[in-house]
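User: I am new to this structure and would like to learn how to read a few of its features. Could you take me through them one at a time?

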Amino acid sequence: MNEIISDIDNDLDVIFGEYRDTNAVQDFVASVRSVNFTGTLYIGYPVLTVDDERIEFDAVLISRNRGVIVFDLYSFDGGAQGTPQAIASAVAARQEQQFAALYNKLNSFGELRKNRKLIVDITTASIHPIADVFIQQDDAILLGPSRMDELPMVEQQDLLSDEQLEHLNAAIQRISNLRPKKKREDVVKSDSKGSMIKEIEKQIANLDLWQKRGSIEYVNGPQRIRGLAGSGKTVVLALKAAYLHVKRPDWHIVVTFNTRSLYQQFEALVNRFVFSQINDEPDWSKISIMHAWGGSERDGVYSSATSLLGIQYRDFGSAARQFGYDNAFDGACKEALTALGDREIETYDMLLVDEAQDLPASFFQLSYRLLKQPKRIVWAYDDLQNLGDVHMPSADELFGSGTNGEPLVVLRNMTDQPQQDIVLPRCYRNPPWTLATAHGLGFGVKRDQFAQIFDDLSLWKRLGYRPRVGTLEFDQQVDIERDPHSFPAFFGDLLAPTDSLVTATHSDQKAQYQWVVEQIRSLITEDELEHTDILIVLPNVRTSKSSGARILKALQEAGLQGHIPGQTSSRDAVYRKGSIAVTHIYRAKGNEAPAVFVVDAEFCEGTHGIKKRRNILFTAITRSRGWTYITGVGAGMEKITAEIDAIRRDNFSLKFHYPTREIARELAVTRDTALPEELGQDDFDDVRLALQKVKNASWEQLPLDLREQLKEVHGGGQ
């Protein structure tokens, strides 16, 4: 994490939370910059409690050479005329209240104490509009903008270390429990995988510079947060929702998403983050975790809109029959927009949207109409989550234009103002060698023929790569590697490619499943991982039900419990205590685990639908936060293993001859909608017959298990 601290150590990084007086804040920030303070300046942040009273902070500086300074911007005696001679009692009381709240918070962190004292002093100061005011009365300070540099300095010999700065920022950000960490009390071996993942989770506990801005920075209107998969967008959204719920408890805030399994994650994160601020649970009547579609079991954004409008709600079956399988949700949202007409149904104060890349523009246009002015919507977009998703829709494309033809939403980033478009450039999910291997396989750079390739060379930089030697050009030998700024250093410190990326080829499926079970048994009994640390992913959706059943049987015979989410357990939660999750690729999407087994991986090599197959392989591998096991049967798996070995020999850089611009255009990465299975004509006839039967039946007539499978594959509501 030291490289993160150095990003802010020689400059002043200002993080704009929610605040009430724009002019006062802008003048204050300018005065702080004028005296060359360094560190991180939080505006309108944090919110803490003392004796059940909520304490809002106007500004807090965390600095290596200034320590912690709390600034009170609004409570000076504004009614007094002329230069003040003393600090008003109300101003001193406000400073004392803020000091007590922050002291109690910092004192709860053992890393910030030494001999029962805090490792750093907390200074409190109120800002007065008269420039040359400076009054110190006991521990309270009242000063004007031109006297800012007279605030205390940390003694040179006591300058804060990198580690102390990390702990201070973690405490201020309230994210010592950023992820819902497991206690891992059974971890006793210093070299076990359980010990390694425990350390990784500990390292991730501090937000980096960009995550910090994304989670705290508040725009009184639309805001986009984008980044690679695994860059922390879900956590950032949950922290932002919790912060604003505490800051503005009267607002009705909605968090929404596409993948149902995120219910559990968002509810846990928001509950944890709210409790860490006010020692109380969220008011769930004011903050709602809602699926984008929704259904009869739980409200969603779309289903709630139809209820408010008094129009027909379409479940997935009805929408698919009316608008087509691929356009079901888009069609349902467009139908609701048509019924809405020129009306506004301003219901929510704020909407935070995760997985924006998986939702149609019509959903955003409907959501916009559901929001009160000033249209506070934050959407998180997984940039290049799938190799086919190279186009990121603009705000204009998502929200459209008003009656005057002007775009409804325009994103601008301006100096010393809250950022409307925030990029998270670091991937915390995957070790860099694992991600490079996933990309190498996804593109097929070591195959006899590419599976696909970018015809826009700039996309490689967006993906987090840089030339290791030479340049990146068409029709040239290239050598590209993960940019060191695109991943945290702790992966290389804690893991090794030889142990964390494993392949195995077997003679038949039975032997493969036995091997997988033995590896899992060792991970649990020897390497101190838990059942919920392990995810088995099946790339072939068509055969996943039968393959999953055989894997469950093999686990059971070895004395291990397993489950198939949505089939033998709830579809809203992937992981279950004491049980191994076995799932097909579509349900695995959006989830992650320390150890991932990609089973029957030979499916991802073939002559038909190779783009789709390699996209599946890429997605499956990138579910892993630590250890990846790629296993399969026969010649297809041997080919995949040979590709991985070739990438490994190149030290996990991607070395290959880039095709010409013309060939690259033919191989261009696109949204490949072909079925993942290798289908013959008879298979297509079967599919047509089955679809016709489904179309002729009502949703209620379909068997329950078929309804569940249709919901799973679609990823939407009923």
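User: Where is proline 46 placed, and which residue does a cis peptide bond join to proline 46?

Analyst: Please keep in mind throughout that this is a predicted model. As a general idea, most peptide bonds are trans. Here, proline 46 sits in the loop between strand E2 (39-43) and strand E3 (47-50), and a cis peptide bond, with omega about 0°, joins tyrosine 45 to proline 46.

User: What is the omega of the peptide bond from glutamine 373 to proline 374, and where is proline 374 placed?

Analyst: The bond that runs from glutamine 373 to proline 374 is cis, and its omega is near 10°. While proline 46 belongs to a loop, proline 374 is part of strand E16, which covers residues 371-382.

User: How should I read phi, and what is its value at aspartate 475?

Analyst: Most residues other than glycine have a negative phi. Aspartate 475 has a positive phi near 55° although the residue is not glycine, and its place is the loop between strand E18 (465-469) and strand E19 (477-482). With a relative accessible area of 40%, aspartate 475 is partly exposed.

User: What is phi at asparagine 651, and is that residue buried or exposed?

Analyst: Asparagine 651, again a residue other than glycine, has a positive phi near 60°. The residue lies in the loop between helix H22 (634-649) and strand E26 (654-657), and asparagine 651 counts as exposed because its relative accessible area is 65%, where the cut-off for exposed is over 50%.

User: Is threonine 437 buried or exposed, and which residues is threonine 437 in contact with?

Analyst: A residue is called buried when its relative accessible area is under 20%. Threonine 437, in helix H14 (residues 432-443), has a relative accessibility of 1% and is therefore buried. If neighbours within four places in sequence are left aside, threonine 437 is in contact with Leu501, Ile644, Ile647 and Phe652.

User: Let us turn to charge: which residues form the negative surface patch?

Analyst: Asp and Glu count as negative. The negative surface patch is formed by Asp51, Asp52, Glu53, Asp280 and Glu281. One of these, aspartate 280, is found in the loop between helix H8 (262-278) and strand E14 (287-291).

User: How exposed is aspartate 280?

Analyst: Aspartate 280 has a relative accessible area of 44%, so this residue is partly exposed; a residue in a patch needs over 30%.

Notes:
Residues are numbered from 1 along each chain as its sequence is written. This is a predicted model: local features need pLDDT of at least 70, side-chain atom pairs count only at pLDDT 80 or more; totals for chains, interfaces and linings use all residues. Side-chain values use heavy atoms; hydrogens and water are left out. Patches are made of residues with over 30% relative accessible area and no salt bridge: like charges are joined within 9 Å, nonpolar side chains (Val, Leu, Ile, Met, Phe, Trp, Tyr) within 5 Å. Accessible areas come from the Shrake-Rupley method with a 1.4 Å probe; for residues, only the protein chains shown count as cover. A salt bridge is a side-chain nitrogen of Lys or Arg within 4 Å of a carboxyl oxygen of Asp or Glu. The place of a charge is taken as NZ of Lys, CZ of Arg, CG of Asp or CD of Glu. Helices (H or I, at least four residues) and strands (E, at least two) are DSSP runs, numbered from the N terminus. Buried means under 20% relative accessible area, exposed over 50%, partly exposed in between (1.4 Å probe, protein chains only). Contact means heavy atoms within 4.5 Å.
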